[in-house]
Amino acid sequence: MYNFSRCDLGKEEAPVTVVEFGDFKCPSCKAWGETVYPQLVEDYVDTGEVKFSYINVLFHGDESTLASLAAESVYQQSPKAYWDFYKALFAAQPEQKHDAAWVTPEKVLEVAAEFPSIDQGKLESDMEQRGHFTSSLLGTKSTWVCWD
């Protein structure tokens, strides 16, 4: 089973940690990521007052799973590139009809191609775990989160 991790930004010893439980397919998460997140980083993370953590949750079905697997792969490969990938993947979410299928392996690879530190082959291989991951959930409709 895939082991989801918490993706951290900022100083480990910051006195406050803000945790976002988000889904790349979620339009409210996108709005938060484009409005509140940049200000939070500028005002508090960059000053060392806050550590920000992002935890993938699976609110919107198989596309959420695919986006989460991709994001985890990117974070494992290049934690610094992860935050730009985070912004780019949210930016790729359509403004209209966000429930339409848009998170595909091809779209994820297109977004990731902007970042040279991301190994496309490794990313594609990690996304292929989706079938193993979703079948292990046995169709349960719940939010499953695990981090190390």
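Which residues are buried in helix 4? In this predicted model, they are Val 108, Leu 109, Val 111 and Ala 112. Look down the axis of helix 4 and you'll find its buried residues within an arc of 160°, so they line one face of the helix. As for what they pack against, the partners are helix 2, helix 3 and helix 5.

Let's step back and take in the whole chain. It has six helices and three strands, and if you walk along the sequence, the order is β-β-α-β-α-α-α-α-α. There are 148 residues in the protein chain, and 43% of them are buried.

Now for the inside. The largest nonpolar core counts 35 residues, and the members that touch the most other members are Phe 24, Tyr 82, Phe 85, Tyr 86 and Leu 123. Several elements give two or more residues to this core: helix 1 (27–45), strand 3 (50–56), helix 2 (62–77), helix 3 (79–92), helix 4 (105–112) and helix 5. Helix 3 provides the largest share, with eight residues.

Leaving aside residues up to four places away in sequence, Tyr 86 touches Glu 20, Phe 24, Trp 32, Gly 33, Tyr 37, Phe 52 and Tyr 54. One of those, Phe 24, is also among the core residues that touch the most other members.

Next, follow the chain to helix 5, which covers residues 120–127 and has Leu 123, Asp 126 and Met 127 buried. Viewed down the axis of helix 5, the buried residues fall within an arc of 100°, so they line one face of the helix. Have a look at the start of helix 5 too: a side-chain oxygen of Asp 119 comes to within 2.9 Å of the backbone nitrogen of Gly 121.

What about the cysteines? The structure holds zero disulfides. Cys 26 is in no disulfide, and the nearest cysteine sulfur to its own, that of Cys 29, is 3.1 Å away. Likewise, Cys 29 is in no disulfide, with the sulfur of Cys 26 as its nearest at 3.1 Å.

Let's finish with Tyr 44, which you'll find in helix 1. Is Tyr 44 buried or partly exposed? At 40% relative accessibility, Tyr 44 counts as partly exposed. Setting aside residues up to four places away in sequence, Tyr 44 touches Gln 39, Glu 49 and Val 50. Finally, compare Tyr 44 with Gly 10: the two are 34 residues apart in sequence, while their C-alpha atoms are 9.1 Å apart in space.

Definitions and conventions
Residues numbered from 1 in each chain as written. Predicted model: local features only at pLDDT ≥ 70, side-chain atom pairs only at ≥ 80, totals over all residues. Heavy atoms only, no water. Disulfide = S-S within 2.5 Å. Buried < 20%, exposed > 50% of the residue type's maximum accessible area, 1.4 Å probe, protein only. Helix = DSSP H or I, 4+ residues; strand = E, 2+ residues; numbered from the N terminus. Arc of directions from axis to C-beta. Polar contact = N/O pair within 3.5 Å; in protein donor to acceptor, adjacent residues only side chain to side chain. Core = buried A, V, L, I, M, F, W, Y, C linked by side-chain atoms within 4.5 Å. Contact = heavy atoms within 4.5 Å.
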